Amino acid sequence: MRRRMSWPLARWSALAALVVAAAAVAVPSAHAAPALLSQGHPVTASSVENTVFPATSAVDGDPGTRWSSVAADPQWLQVDLGGPHVLTQVVLQWEAAYASAFTIQASADGSQWSTVYSTTTGTGGTQTLPVSGNGRYVRLTATQRATQWGVSLWEFQVFGDGTAQACGTANAALRQPPSASSVQSDAFPASAAFDGDAGTRWSSLAADPQWLQVDLGSARPVCGVDLIWETAYARAYTIQLSTNGTQWTTAATITTGAGGTEHPAVSGTARYVRMNATQRATQWGDSLWEFAVHTSDSAPPTTTPTNPGGCPWVGSTAPVADRVNQLMAVMTAQQKIKVLHGNGATGPYIGNTDAVPELCIPALGLQDGPAGVGDGLDGVTQFPAPVSAAATWDTALINRYGTAMGQEFAGKGVDIALGPTLNIVRDPRWGRDFETYSEDPHLAGQVATATVQGIQSQGVMAQAKHAAAYNVEAGASRGTPSDNVIIDDRTLREIYLPAFQTVASQGQVASMMCAYNQINGVPACQSSGVLNTAIKQDANWNGFVGSDWGSATGGPTQLANGGLDMEMPGGAFFGQALLDAVTRGEVTQARVDDMVRRVLTQMFRFGVFDRARRGTPASVVTNPANVTTARDVAAAGSVLLKNNGVLPLTAATVKSIALSGGDGIDPQNIGGGSAKVNPSPVAVNPINGIKARAGSGVTVSYVDGAGEHVQTPNIPAAVAQAQAADVAVVFASYGESETQDLDTIDLQFQQNQLIDAVATANPRTIVVLNTGSAVTMPWLGKVAAVIEGWYPGQENGNAVAALLYGDVNPSGKLPVSFPKQIADLPTANVQQFPGANDRIEYSEGMNVGYRSYDARNIEPLFPFGFGLSYTTFGFSNLVVSPQGTNGTATVTATVTNTGTRAGADVVQLYLGQPTANGEPPKQLRGFRKVQLAPGQSQTVTFAVTPRDLAHWTGSWTTNAGQYRVYVGDSSRNVPLSATLNVS
Ligand code: BGC
């Protein structure tokens, strides 16, 4: 790691002088003969009388053809000169139908206008009007007609002085959103090159190529850049320009860079400007004190309205619905579709919409994902994976987790957080199990709701994903026919949709993402039954549905009518194609308005119109409180699966600890794909966490035996070390990632052999697992204790140490069942998972997870809901009160801490329906995490609603009969049960 170079005062003042000099350099505009700029250029008009009189006739150089408007005021004609110019004169050749009052305006960007000529005593005929101004767009607006007809021009001619507009001195990149290929460390963010402070700098990693980019906010005529290099400069680099952040043109190529301050000549229209360094001049990375961009437009575009009435919906205290109506009343069709699709750019966020500046509609930034701010951004907290949050069963803590994540998204300037993922864990081999919650829809719905409420409390919209029945990566063939889920309606309604409905109705989530897969042959993003009926209608939800990246397929008609409201990341279907579909009569205007209304409603609700963006991708947003939350969730979500008494460790008896397994040093803290989050400032590994907690009186030794991250097994060394120690701890894992499923849930790379050998050597062996879902444990009988830590995020080591020593009493419960072997899975055959012949058969129906183990009477390795504590709990006093007039019954039960330590248990309520209803044997309908001192009792109350007792028969049906009520602390430990008579 290189160190920051010192910067002597003398060089500082030299630099300051350079900055001033650079700012003063401006290309002078030479005097030249008037030049006709408008002829043949693109032109638009408010209206045309009919197709015989198009707008183009006014700029075609032929005074025998003309533009003519409809007979109404006001009317306008606008020409795009193709680039910025100094304007000197406008000539109007009126037909008989002339305007008696009109203005001429110029604009750099087509949205912010300045008036260069104005009259209320227009004469008609040929008017030669001297103007003084500059811009790329010139508009004539006629406010009063002199005749009963419209307004009509034979020719509309704009003249300039023949030179492009002078290059401005202002820095258009100042404090604009930056991004960079990499940063050397948090001390050198991309934003430092755009902060106007030549004493702070961006610095990249020491590798080629490296780039630094800025978003000017809108397309602008770029005429120069200044680069102020630190000692670590680039010898070869290009300056690239882009209007969309995706396609780049090279505007300057430098192969003999000399560092210091450089002013490569560039010109072109760009919103994004990038310095792309291909060869470093030193052994270090590339580093810039400042990167300034100059433009030739007169004023920097802002979101100042040009709408004649201003933007009264901004900052207004009127109800959201009124503000939406007020705005929609003035929106054109083109303006409407802008809020319905991404602009295809990959920066500044992973998803971006364009602003509509003339209506003060801000751009939206969307960023992954479910475990915190992802997509490679730094300066964020790496929280535990969502499965860990689910395993806490603690909605208050999960709300804190969501709030901390929301705060970090807000601090990065994100409007929409792409999460949570709440798909059902149908099979432990799905590559995305770690980034979702549970095999149970009730638990998933409650965890998602708590997370969403936390995120959204920070003014960030959450986008719950992926609706629906997306439970296989299917070899990454996403969005293809092989992702075709074959599922019956009852299973869809009872297992795969309820969590989405809960997060809509109870969580009030702002948006949802539709999935890549098909549902019975219909792409999920076109599935009206799911999106329109089950989610929008049945859950009474007014949020909007966004597509996954590329999951919008087919056509605008199928998608819009199927319930999709916003396309991401581009606008193949919801741009012009959507308007064309409206013209063809395939999509109603009412539906388009509904789409727009849904998006705008959430934007107003979350204050997007009323505040400036709260940060940039480069902002550092992690903080100690959030790191504490990450640690608390990691500890509370860890599940103690076995303990023969070896835990908790005590200082009195444990003087030496032998650690082994690759995850001790290089742990699986998070999974891969869009849910991956970087740690900041550092991740604490188990070795360091345990050493710090154990203190100097304890010998902590480590052998990097077999593991995911260390693939060179050193079993003999681990055995020797374990033999000599008071206790042995082995760390083992498997990794999961989006786009790939697992073939097996057996530990790989000889990790099972390592655990077995260490346990043979030392009976006081504790296994700590970091897996995204269930894992097999052939050595279970030999080891003294097992902790499932999931993917615990950056506080891994501190959380594990706290659990091992009993500073935190384990209280996590499995949100998924652990089978003894793959063959026991309800989805064991290949037609079910990952699918075959373009079908993924959900033939197990509602028997997912514990529902299936119960139905088939197969004993799992560890049941759903299970987890041990260092204390013990007892259950008593089950009381089931009959249904009240609204159909709701009440269940109460008492839980007691029967041990000697304070601890928490999760009281779980399961219901069993009469056999004739054809439901799984029992289903979770309520849970409550209860913290108890030794000897303390608490009575918990659950409301059992008609919906809790219902099953799907085309609608929710509650049959009369005897229902079973079970209370306990796992799906297989329900010491209390009773009957509820439903009439
Ligand atoms: C994933 C989404 C993610 C999106 C944007 C997709 O491939 O399925 O979950 O939000 O990419 O990164």
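In this predicted model, an oxygen atom of the ligand and a polar side-chain atom of Asp-548 are 2.6 Å apart. Of the 310 Å² that the ligand exposes when taken alone, the protein buries 92%.

**Ligand shell**

- The ligand is surrounded by 13 residues, and the closest of them are Asp-368, Arg-432, His-466, Tyr-516 and Asp-548.
- By side-chain class, the residues of this shell comprise six charged, five nonpolar and two polar ones.

- In the side chain of His-466, an N or O atom is found 2.7 Å from an oxygen atom of the ligand.
- Lys-465 also places a polar side-chain atom 2.9 Å from an oxygen atom of the ligand.
- Asp-548, whose polar side-chain atom lies 2.6 Å from a ligand oxygen, is also listed among the closest residues of the shell.

**Four-stranded sheet**

- Four strands form an open sheet in the order S24-S23-S21-S32, and the pairing within this sheet is mixed.
- Strand S24 (522–523) and strand S32 (840–841) are the edge strands, each of which pairs on one side only.
- Strands in a sheet pair through backbone hydrogen bonds, in either a parallel or an antiparallel manner.
- Strand S21 (residues 484–486) and S32 run parallel and are joined by two bridges.
- Opposite Ile-486 stands Glu-841, which belongs to S32.

How values were computed:
Residues numbered from 1 in each chain as written. Predicted model: local features only at pLDDT ≥ 70, side-chain atom pairs only at ≥ 80, totals over all residues. Heavy atoms only, no water. Near = heavy atom within 4 Å. Polar contact = N/O pair within 3.5 Å; in protein donor to acceptor, adjacent residues only side chain to side chain. Areas by Shrake-Rupley, 256 points an atom, 1.4 Å probe, with all protein chains shown as cover. Nonpolar A, V, L, I, M, F, W, Y, C, P; charged D, E, K, R; others polar. Pairing = 2+ DSSP bridges.
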